Structure formats: C-alpha cells, structure tokens
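Colleague: I am new to this one and would like to know what the words mean as we go. May I ask as we look?

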Amino acid sequence: MKEIMLGNKAFARGLYEAGVAVASSYPGTPSTEVTEEAAKYDEIYCEWAPNEKVAMEVAFGASLGGKRSFCAMKHVGLNVAADPLFTVSYTGVNAGMVICVADDPSMHSSQNEQDSRHYAIAAKIPMLEPSDSAEALAFAKRAYEISEEFDTPVIMKMCTRVAHSQSLVETSERITPPARPYEKNIAKYVMMPGNAKKRHPFVEERTRRLIDFAETTDLNRIEWGDKKIGIITSSTSYQYAKEVFGEEASILKLGMIFPMPEKLILDFAAQVEELYVIEELDPIIETHCKNLGLSVHGKDLFPIVGEFSQSLIAKLMGRKANPSCSEIEGRPVRPPVMCAGCPHRGMFYTLSKNKCTVLGDIGCYTLGAVAPLSSIEMTLCMGASISSIHGFNKAQGAESEGKTVAVIGDSTFMHSGMTGLANIAYNQSNSTVIILDNSITGMTGHQQNPTTGYNIKGDPAGKIDLEALCRAMGFERVRVVDPYNLAECDQAIKEELAAPVPSVIISRRPCALLKYVKHNKPLVCNTDKCVGCKMCMKIGCPAISIRDGKAHIDETLCVGCGVCQQMCRLDALEAPEGGVAL
Amino acid sequence: MTTNVMIVGVGGQGSLLASKLLGQVAVSQGYDVKVSEVHGMSQRGGSVVTYVRFGDRVNSPVIDQGEADYIISFELLEAARYMSMLKPEGRVIVNDQRIDPMPVITGAMDYPEDLIAKMAAAGAQVDALNCLELAEKAGSSKAVNMVLMGRFSKYFNLPEEVWLSAMEAVVPKKFIEMNKIAFDLGKNA
C-alpha cells in the first residue's frame, strides 16, 4: 500500500530497510528529520554527535567495525566534516557507509547557498540525487550496495524541496546484510604517505569503474518524448521540467550525479535537436556536457541563484505566464522573529542598551541582528563568534575589549565553540563570551546536545557542565545569569566587560517552546496607566503592538515572561489575577 | 487535472497539521499527492507557506504564479501576500485575525487596511471568518487550523467520514474530539 511520507522520513525508512545499524549526525535544516526518524527504529543505534566531523568519523568507525553506517548533515555541515570526507574516499569502507548532505537553495534556513555536488567531484566519492520521497527510500538502499561493491562511501544529496516534501512511497521489510568482520589492514586504513600513495590510484580506478556503472545503471534513465527538446536534469529540477513538458520533451534524468556517464549523455544528445541542462545552483552537469564537447543551454538561460519552479522554467523556455489575481501593494514583510518569551531577548536588549559590539553565531539567536534589537553585528559560521572576538580584540586592543562580546548558543558552543575558547585561554585576549544556554538545539526544532543531559531518544545521557568546562580551560570569571532578569544581565555585562581578565557569562533559561517549560498567564495592558511611550516595544516582542495609541498584548502569543514589565516605568503591563510576574 | 492548495500563515500557527490532514484526505481518495513544507528559520514567527497538490500525476512539489486554486490562510496579511499565486477567481479561505509583523510593530510600516475588499478587487473569491473565536469555542485557540479545514471542506464534494478518518490518522488521540468540534464549527459557520 502506498503512503504519503516526508522525503527525510522516506530516507530514514530506506536506512532501516537497508539494515543500517549505526547513525550519527548533527542536526541542520533541511537534513535533521532523517536521523530523527531513523531514531524511531529500535534496530538502528542513533545519536546526535557534537558536530558533523565527529558524526562522520563515528560512521566511519562503525563501517570499519562491520556494520552499515550513516551520518547526516546540512550543506555547511559537510564543510566541517570535509577533513574525514576526503580521506575516507581513500580508505574506502568495510560495511557500507552513506553520508547524507542536504542543500538549501534559496537559503530558507542557511547562511550560504553552496552547491555540495562540488564535494563529490573534489573528494571523488559517488553521489546519488533523489527527486522525491520514493527515490529517497530506494536510493538509500542502492547507496549501500554501491558502497560495498565499490569500496567507497556514498553521498546522498538531498535539497530542501526533496527533504521537506511529502510524496507517495511503498515500504518493504528490513534486510539483514551479511556480517563483515573487521580485519586488520594497515595498508588500507592507515593513511600515512606510503599507504595513501597506493590508495590514490585505487580511487582513480574506482571512479573509472563507477563511470562504467553510470552508463548502464537504472539510477540514470531516459524518458523519451518529443525529440525537438532534450533535457538533462536531476533532483527537484527534474520534477519541474517534467511538470512543464510532460511528453513534449525528452528527458535524461540523472540519479547519480558523480561520476556522470559519458556515452549515455552523448547518445542522448545525438538524438535530440536542442539540448538543455536544467539544474539548480552551479553548472555541474552543464560543465560535464561541455567537457564532452556538447553545445548546451544551461546557465545562459537559468539562474545560478535560488530555487527553480515549474513557472520559472516555463517562462525562461519561452512559454506564456499563467494569468493570476493581481498583487496587493504595500504589504509589510514578515521576517522570522524571536518568539514571545524567548530567553535570548532580555540579553540582546541589555547588550543593545549598553552599546556593545556583538559578534554572533549560528542559531535562533542570530535573530538578535534584526530590528529593533539590531544587536548582532557579525555572523559567519558555527563557532566563529568566539574565535573572531579574539582576533577582533587583538586588532582593536583595550578599547574593544571593554565593549565587545561574543554570543553563542549551548549547542553551537559544543559544536565548534570550545576550540575558540581554548584559543582565548591560551593566547590570552581579554574577551567576554556569552553562552546563550537555552538547554536545547533550538533552530532546528529541539534536538538534545551534550549539555542537556538527554540523548536523541530523550533518555538520560551524559551531561557536560559548562561552568566546570570553562573553569578547567582557565577562565577564572564564569557566572550564570537569568536573561528574564534585565538588571542582573546589565550588572553582569558591565562587570565582565570591565574586568581585566577574560570571562564567560552563561545566560541560562530553557527555550520557551520546550514542552516542559511552564508558561505564566498572558499579561494585560492597563490602558489607564499606559501613556503609549512605546518603551515596551524596544524589546521587539511579537506579542506587543500599539492599538489606539496604547500597548496591546496578544494573549495567544504572550507567555508572561515579564521582560516587558521591567521596561515599563508606569507598571502598566500587569499580570492577571492569580498570574505570577517576575 | 491537479488541484493546488496553498496553506499560509505565521510560523507557529499550526499550518503543518492542516497540510498533513489535506494530504491524508487526498491519499485516501487515490490521488497522487505532493506536500511541500518549510521547516527551520522561517518557522520563528515569519511567513510560512505550505503547498498541497493532488491529481492523477503530480511532479512539482511547489505552486507558483497563477497556479493556486485555493489559498487557506491563518491571517489576513498572509492571505493578501500571495494574491499573484492565485488563479483568477481562485478562492481564499481566511481567518480574519490580524497579527502585526515586526515592521508594523516597530512602526516602520502600517498594517494595510481593508484587506478583504482588496483581495476581492484583486480577483479572488474571499471567504473570511473569525476562526479564532470558533477555535476557542471548540476548546483551544490552537484549533484554528481545524476550523479553517472544516470551512475548506465545504468546497469539496466528499463525505464527512473521509475528513474524520484522515483526522484520526494525523491528530493525536486526546485532541481528536476537540478537533472534530472545531472542524464542524468551521464547516457550519
């Protein structure tokens, strides 16, 4: 029976059916649900690793140990894991190993729009690219067969529209792959120069065999239609092209994007009048075709930036636009905002009020850069806040040390913040680091991490003590504040910036969206007291607006955190009877 | 023939459950179905859009300009935002709630007036109702999604059991009764 399934969930089902035994990942949109869904199968050991490099090395270890293994990450996570990636290509695997990387064209939830297909080419690792949920499930299983047959890890490249779209799948039973005992093999698994020199030719030879495989595998298929237009495409672009042309064009759909076939493409090209390559982001297939000497339309027509859609392709290939209702002018945008009751708000307001220079990091709290808080001035990648403040202070000196802070979330700190903090402790800049500890990995939808004390299944696990960790690194000044308490935040920031030694402030309160967090009753504006001074609007809470010149609190959003009450000099924002205010 | 439905609102309003329900209904009727969601950053109080497409064969998971038959919206401004996605004479089913976006909260922009009339003038058939009030009547302000889906069900010639059994497949057991009440209130309002 067919059922409707999210792409990422279908991928997880494929892992289950392929007999995967070990999965280790770091969450990252749009890859997160693959591992979350895999964790629902008792047969698969699943974990959240502190970062993607660790996750990939865990997966490699499990493959070495003879079990089919898996790791997942978003596109920028693969940058973090690039170190093991390039060399696991040389060692190859014992049991099958699959790496999921999920790209985010249009950057729905990412800091860049990199095209991960470059990694497959650079690391010489085969890459499969499903175009819907059914293929996510089927390709996951095929990826393990390829991995074991060709002694290579295999990358499965997802993108937002495949990962986060639901479509129909058919499931089957789990297989138990034959046991692959671990055997000591220094020449294969110890990548020092003498051994690696012998493995590199193996990698080149493997790629040649994989090209032969690509010529005939059903992962690549031709759907013949009208031969006036020939389209080479993959992933979600295939779905858009198919939607526009149906049988009115011939389509070569590539399910395997590295290595690409040569003869198959040349034969296809020879039978069509005009050849188009439709692919999002960089011209990877197009470049391959041009290297084969073919004349193709690609990025001369289609954008290199952003996602595609059927309408975009139709328009760029000369079809008439659909009639539609007309636009309504003057619509304010609705960017994402910190939630009502978000514990980060009080800290960012305080930093803003103290005119601090704030170097930020990756997480929900990146929204501290948005008006009216407009606090964060730099966000680059996971962990960069802490490493960069050290460089910033070394460049700027004492003046900057007295007003600059780094802010980083608990999960991001575990991911890539610790090494930067070690650098501050070691090379001694008088830097102030604020760990925004909301006791969860928030942005990606509430995953546990090494500081929360729970594992991926929600069972009790090891718990790293942030205060003890910072002290062990040599920080003498480590203090904890409650970000709902503005006076406490203000005092801590002033004192730690003034202190002549580096310090860590841990701003601790759980994410307001966590199920176990108890909310207070919504506050109410006493319109007799409110004079409409808009002081409460400075914290940028989505629950507060001005109606008829007075503050108005949306009772469906307010969780009674009480931060706005501390802004109001007239005590106009009141807790209802029986409610508890801070 | 493919039917294209956009479900739009403000992050956190419960649009994912609405799209799950509609996807489930379409599957139960033997259609090919695609549902496309956005998770992550945009969920944090920003505009959220979910596409539901069903028919004999559906390739693309997204809906673009002039393709939507229906827009189901949890908020007025969010419905108005996507008028160019709607087919001429397409239908808008909208909760008439107003939620100020940050540019309005900070005073940089005004919340547009008379949006229902403007949507009609743009060429849409507008069905606006106070879903929040009906949801609260059903027992929770969170049930706005089921009020909207109940309303939406009026435009499809499907027996109510189809919707209710799909609801049983996607809604946790302890909330079924409340959701059924909300669905009926929307349908019969």
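Colleague: Which residues is A:Leu359 in contact with, leaving aside its neighbours within four places in sequence?

Modeller: They are A:Glu377, A:Met378, A:Ser385, A:Ser388, A:Ile389, A:Phe392, A:Thr404 and A:Ala406. Each is called a contact because its C-beta atom, placed from the backbone, lies within 7 Å of the C-beta atom of A:Leu359. This is a predicted model, in which local features need pLDDT of at least 70 and side-chain atom pairs count only at pLDDT 80 or more, while totals for chains, interfaces and linings use all residues. Residues are numbered from 1 along each chain as its sequence is written, and chains are lettered from A and ligands numbered from 1 in the order in which they are written.

Colleague: Why is A:Leu359 called buried?

Modeller: A residue is buried if 20 or more other C-beta atoms, placed from the backbone, lie within 10 Å of its own, exposed if 12 or fewer, and partly exposed in between. A:Leu359 has 27 such atoms within 10 Å, so it counts as buried.

Colleague: And where is the place of A:Leu359?

Modeller: In strand β14 of chain A. Strands are DSSP runs of E with at least two residues, helices are runs of H or I with at least four, and both are numbered from the N terminus.

Colleague: What joins β14(A) to strand β16 of chain A?

Modeller: Three bridges do, between residues 357–359 and residues 404–409, and these strands run parallel. Two strands pair if DSSP finds at least two bridges between them, so three bridges make this a pair. A:Leu359 has A:Ala406 as its bridge partner in β16(A).

Colleague: What order do the strands of that open sheet take?

Modeller: The six strands follow the order β15-β14-β16-β17-β19-β18 in chain A, with parallel pairing. β15 (376–378) and β18 (477–481) are called edge strands because each pairs on one side only. From one strand to the next, the twist averages 30 degrees.

Colleague: Which strands does helix α16 of chain A touch as it packs on the sheet?

Modeller: Helix α16 (residues 384–396) touches β14, β15, β16 and β17 of chain A, at about 170 degrees to β16(A). Helix α18 (residues 410–427) touches β16 and β17 of chain A and makes about 135 degrees with β16(A). Those angles run from 0 to 180 degrees between N-to-C directions, with axes fitted to C-alpha atoms, for helices over the stretch in contact.

Colleague: How many residues of helix α1 of chain A are buried?

Modeller: Ten of its eleven, which is what makes this helix mostly covered. Among them are A:Phe11, A:Leu15 and A:Tyr16. Just after α1(A), A:Gly19 takes a positive phi of about 80 degrees.

Colleague: Let's move to A:Gln310: is it buried or exposed?

Modeller: A:Gln310 is buried, because 23 other C-beta atoms lie within 10 Å and the cut-off is 20 or more. A:Gln310 belongs to helix α14 of chain A. Beyond its neighbours within four places, its contacts are A:Tyr240, A:Glu243, A:Val244, B:Ser60 and B:Asp64. Its C-alpha atom is also 6.6 Å from that of A:Ala241, 69 residues apart along the chain.

Colleague: How many residues of chain A are in contact with chain B?

Modeller: 50 residues of chain A are in contact with 54 of chain B. Elements giving two or more residues to the chain A side are β8 (165–169), α11 (235–245), α14 (310–316) and β21 (544–547). That side has 24 nonpolar, 20 polar and six charged residues. Here Ala, Val, Leu, Ile, Met, Phe, Trp, Tyr, Cys and Pro count as nonpolar, Asp, Glu, Lys and Arg as charged, and the others, Gly among them, as polar.

Colleague: What makes β8(A) and strand β2 of chain B a pair?

Modeller: Two bridges join β8(A) to β2(B) (residues 32–36), and the cut-off is at least two, so they pair; they run antiparallel. Within that pairing, A:Gln166 stands opposite B:Val35.

Colleague: How confident is the predictor in the complex, by ipTM and pTM?

Modeller: The predictor gives an ipTM of 0.94 and a pTM of 0.96. Chain B averages a pLDDT of 94, and 98% of its residues score at least 70, where pLDDT is the predictor's confidence in each residue, from 0 to 100.

Key: Two residues are in contact if their C-beta atoms, placed from the backbone, lie within 7 Å.
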